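Trainee: I would like a close look at a single part of this protein. Please keep to what can be computed from the model.

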Amino acid sequence: MPAAGPLRQRLTLQQATSTPNSFNEMVGSWADVATVYGAVEPLRGQEFFAAEQVQSEISVRVRIRYRSGVAPTMRWKFGTRYLYINAVIDVNERHREIQCMCREMPNA
């Protein structure tokens with residue numbers, strides 16, 4: 001059943017992990033931590049020149065109900081998009097809402 005109200009988008013929180021492959025080399029991947037409802041709010045976009053190509057970056061705010069353990073080393077999966085967390089803000093330090101300031105690089 002879909003959620004009503006402002007926190008109506010389904011998001012999956014992911015944590016970076018490393019696991020050994022068949023050659024016992026550590027390979028980086030992402031593991032799901034939790035799936036929650038939240039709000040994804042694009043704030044601004046910009047383009048820049050890197051590696052002889054024009055790249056774009058979008059600043060995004062993700063709002064969710066309070067959840068402990070969310071850290072800047074994690075990312076949000078939103079459909080086919082990945083939102084990398086830059087900062088985690090406990091709004092008014094009341095443990096009711098978290099705002100994650102994220103970046104998305106659509107053509108990376």
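Which residues does leucine 83 touch, not counting residues up to four places away in sequence?

Mentor: This is a predicted model, in which local features need pLDDT of at least 70 and side-chain atom pairs count only at pLDDT 80 or more, while totals for chains, interfaces and linings use all residues. Residues are numbered from 1 along each chain as its sequence is written, and side-chain values use heavy atoms, with hydrogens and water left out.

Leucine 83 touches Val40, Val60, Val62, Arg75, Trp76, Phe78, Cys102, Arg103 and Glu104, leaving aside residues up to four places away in sequence; contact means heavy atoms within 4.5 Å.

Leu83 is also among the residues with the most contacts inside the largest nonpolar core, together with Val62, Trp76, Ile85, Cys100 and Cys102. That core has 16 residues. A nonpolar core is a set of buried Ala, Val, Leu, Ile, Met, Phe, Trp, Tyr and Cys residues joined through side-chain atoms within 4.5 Å, where buried means under 20% relative accessible area with a 1.4 Å probe, protein chains only. Two or more core residues come from each of the strands E1 (9–20), E2 (26–50), E3 (53–65), E4 (74–78), E5 (81–90) and E6.

For the setting, the protein chain has six strands and zero helices, strands being DSSP runs (E, at least two residues) and helices DSSP runs (H or I, at least four), numbered from the N terminus. Of its 108 residues, 29% count as buried. Among contacts in the protein chain with a separation of 6 or more, 51% join residues 24 or more positions apart.

Conventions
Buried < 20%, exposed > 50% of the residue type's maximum accessible area, 1.4 Å probe, protein only.
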